[in-house]
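Please look at the sequence and the structure before reading on.

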Amino acid sequence: MSVNNELEMTMYALFATIDLALQIYIWILVASAIFSWLFAFNVINSNNQFVNQVGMFLYNVTEPVLRPIRRLLPNLGGIDISPIILLLIIFFIRMLLATTVAPLFGVRM
């Protein structure tokens, strides 16, 4: 196996792992948004310890990324569009990796 081919395989593994991590984070964002709606409309029991732990996990994973976006956005009343903005940013990063960065290393995604 040549060094170039080995580098290409390593870079493909790296880009595929980054892409998978971004996809998983997208699903966590969606789950967090759905959970917050269910919590706000009292569809789920907030006194249940498991439900509370799931909510805290989703909050702790998404809030550090959403907080700076919320600070930049204007006040829209009760509407929080920061998850949508973050989804657009993640989509942009994924497309940038697939169309610009990966081809520089000879990787097709």
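Glu63 counts as buried at 10% relative accessibility; buried means under 20% relative accessible area, exposed over 50%, and partly exposed in between (1.4 Å probe, protein chains only). The model is predicted: local features need pLDDT of at least 70 and side-chain atom pairs pLDDT 80 or more, while totals for chains, interfaces and linings use all residues. Residues are numbered from 1 along each chain as its sequence is written, and side-chain values use heavy atoms, with hydrogens and water left out.

**Salt bridges**

Glu63 lies in helix 2. Helices are DSSP runs (H or I, at least four residues), numbered from the N terminus. The structure holds four salt bridges, a salt bridge being a side-chain nitrogen of Lys or Arg within 4 Å of a carboxyl oxygen of Asp or Glu. Three of them are listed here with the distance between N and O atoms.

| Glu63 | Arg67 | 3.8 Å |

Glu63 and Arg67 are separated by about one helical turn because they are four residues apart in helix 2. Arg67 is partly exposed, with a relative accessible area of 40%, and Arg70 is also partly exposed, at 31%. Glu63, Arg67, Arg70 and Asp80 are linked in a network of salt bridges.

Asp19 is buried at 18% relative accessibility, whereas Arg94 is partly exposed at 21%.

**Nonpolar core**

A nonpolar core is a set of buried Ala, Val, Leu, Ile, Met, Phe, Trp, Tyr and Cys residues joined through side-chain atoms within 4.5 Å. The largest one has eight residues: Leu22, Tyr25, Ile26, Leu29, Leu66, Ile69, Leu86 and Ile90. Helix 1, helix 2 and helix 3 (82-104) each give two or more residues to this core. Helix 1 gives the most, with four residues.

**A loop residue**

Asn42 sits in the loop between helix 1 and helix 2 (49-72). Asn42 is exposed, with a relative accessible area of 66%. Its phi is positive, about 55°, although Asn42 is not a glycine. Most residues other than glycine have a negative phi.
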